[in-house]
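Hello,

Here is the structure I promised to pass on. Please open it first, then read my notes below.

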Amino acid sequence: MDCKECSDWGTRQQIIRLGHKPENFPCLCIAYEVTKKCDQHPDPFDCPNLIIIKLDDEYVMPIHDGGSAYKVIHYCPFCGTDL
Ligand SMILES: [Zn+2]
Ligand SMILES: [Zn+2]
């Protein structure tokens, strides 16, 4: 299925299922990324699959070098929305 409406719908449902409100985030792609959970890595900085993490009021991209370094992002890397 390659319909944007359908994938947006699925994304929205997953966010809601995890107990979050999509409208609390600047865009759906960010909401999806920051609400993702990993069973194997309780600390999101340890997980290579988590690209974006919300830290306080900032959205950051962890630098997976074994530490907890990160880079603050100001625009969504997927759709360009101003964060
Ligand atoms: Zn993981
Ligand atoms: Zn986005």
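What do the buried residues of H2 pack against? They pack against helix H1 (4-17) and strand E2 (58-62).

Some ground rules. This is a predicted model: local features need pLDDT of at least 70, side-chain atom pairs count only at pLDDT 80 or more, and totals for chains, interfaces and linings use all residues. Residues are numbered from 1 along each chain as its sequence is written, while chains are lettered from A and ligands numbered from 1 in the order in which they are written. Helices (H or I, at least four residues) and strands (E, at least two) are DSSP runs, numbered from the N terminus.

Helix H2 first. H2 covers residues 28-35, and six of its eight residues are buried, so it is largely enclosed by the rest of the structure. Buried means that 20 or more other C-beta atoms, placed from the backbone, lie within 10 Å of the residue's own. The six are Leu 28, Ile 30, Ala 31, Tyr 32, Glu 33 and Thr 35.

Next, the core. A nonpolar core is a set of buried Ala, Val, Leu, Ile, Met, Phe, Trp, Tyr and Cys residues joined through C-beta atoms within 7 Å. The largest one has eight residues: Ile 15, Phe 25, Leu 28, Ile 30, Ala 31, Tyr 32, Ile 52 and Tyr 59. H2 gives the most to this core, with four residues. Leaving aside its neighbours within four places in sequence, Phe 25 is in contact (C-beta atoms, placed from the backbone, within 7 Å) with Ile 30 and Ala 31.

Now the sheet. Three strands form an open, antiparallel sheet in the order E1-E2-E3. Strands pair if DSSP finds at least two bridges between them. E1 and E3 stand at the edges with a single partner strand each, so one side of each is left without a neighbour in the sheet.

The pairings in detail:
- E1 (residues 53-55) and E2 are joined by three bridges. Lys 54 stands opposite Tyr 59 in E2.
- The hairpin of E1 and E2 has two residues between the strands, and Asp 56 takes a positive phi near 50° there.
- E2 and E3 (residues 70-73) are joined by four bridges. Pro 62 has Tyr 70 in E3 as its bridge partner.

Best wishes

How values were computed. A residue is buried if 20 or more other C-beta atoms lie within 10 Å of its own, exposed if 12 or fewer, and partly exposed in between; C-beta atoms are placed from the backbone. Two residues are in contact if their C-beta atoms, placed from the backbone, lie within 7 Å.
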